[in-house]
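This report describes a pocket and a helix packing in one protein model. Please keep the sequence and the structure in view while reading.

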Amino acid sequence: MHSSFAPMLQTQSLTVAIGDKVICRDLNLTIQPGECWGVLGQNGAGKTTLLRTLAGLHAPQSGTVSWQGEPLPTHTRRDLAQNLGVLLQSESGAPQGDNEFWGSVLEYVLLGRFPHRATLFGYNANDEAIAQQALAAVELVDWAQRPLNTLSGGERQRAAIAQTLAQQAQCYLLDEPLQHLDLRHQAQAMRVFSQLQQQGRSLLMVLHDTLWVQRSCNRLLLHFADGQVRHGLVQDLFTLENLEALYQCRLRELTVEGERCFVPSI
């Protein structure tokens with residue numbers, strides 16, 4: 001039995017690589033219940049590969065990733081899928097490979113219930129109710145019966161978020177969850193994620209807008225292109241000096257109604 005005091009997700013001396021490229025070295029990371037982590041870094045730094053490694057979808061070069069105190073390989077895939085909600089980008093740019101899915105939006109969201117199915121004979125009324133609640137959270141209830149592949153990019157992204165919500169996981173690993181979303185739906189998605197955090201769920205999300213990191217995250221991971229990773233409290237790491245080093249460009253720091261914003265200095 002897992003201890004209720006064990007961290008949700010933890011790495012020990014984790015080194016991740018793709019071929020000869022080292023993504024991160026000797027990473028020791030602990031994600032506790034109720035924490036929201038933001039991940040920032042340049043394109044191509046390896047943020048997606050790191051997230052996939054934390055999800056058990058990419059084997060580390062060395063070190064371990066543990067879920068509730070036990071290494072990921074000791075858990076069944078069903079157990080991990082019930083507890084780790086993972087939102088990935090696909091190579092085509094459509095969330096979770098949804099370009100290949102020909103069913104309805106509701107059927108797509110119901111895939112999030114697959115690890116929780118009680119029988120081999122499909123989904124029950126409770127699964128459908130949870131899927132409908134997830135659709136309501138992203139304002140897609142009226143789209144439930146539409147074919148997924150008729151939705152716009154932003155609508156498909158919201159459907160992918162709904163599918164992940166339907167998993168009702170304890171920890172969410174989200175790779176650019178705000179991509180394709182307009183400003184209204186970005187705010188809506190972040191409100192949903194904040195509600196999960198308030199429920200004691202933990203989140204780690206790759207973001208590009210530093211404003212959302214400041215507003216929504218209490219922990220920050222800076223992923224540098226040379227494989228260096230720094231992590232800690234947002235208030236400690238969210239500085240002009242660190243962000244300029246991270247993105248390798250000059251930035252301007254602006255303050256708007258008490259919020260700090262960073263924009264490229266052109």
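## Lining of the largest pocket

The lining of the largest pocket consists of eight nonpolar residues, four polar residues and one charged residue. Here Ala, Val, Leu, Ile, Met, Phe, Trp, Tyr, Cys and Pro count as nonpolar, Asp, Glu, Lys and Arg as charged, and the others, Gly among them, as polar. A pocket is an open set of points on a 1 Å grid over the protein atoms alone, where a 1.4 Å probe fits and protein lies on both sides within 12 Å along at least five of seven lines; lining residues have an atom within 4 Å of a point.

## Basis of the model

The model is predicted: local features need pLDDT of at least 70, side-chain atom pairs count only at pLDDT 80 or more, and totals for chains, interfaces and linings use all residues. Residues are numbered from 1 along each chain as its sequence is written, and side-chain values use heavy atoms, with hydrogens and water left out.

## Space and contributing helices

The largest pocket holds about 240 Å³ of space, a volume being the space filled by probe spheres set on grid points joined across faces, edges and corners. Among its 13 lining residues, Q133, A134, L165, Q168 and L196 are the closest to its centre.

Two or more lining residues come from each of α4 (125–137), α5 (153–166) and α6 (183–198). Helices are DSSP runs (H or I, at least four residues), numbered from the N terminus. The largest share, four residues, is given by α4.

## Contact of α4 with α5

In α4, I130, A134, L135 and A137 meet A162, L165 and A166 of α5; contact means heavy atoms within 4.5 Å. The residues of this contact are seven nonpolar, no polar and no charged.
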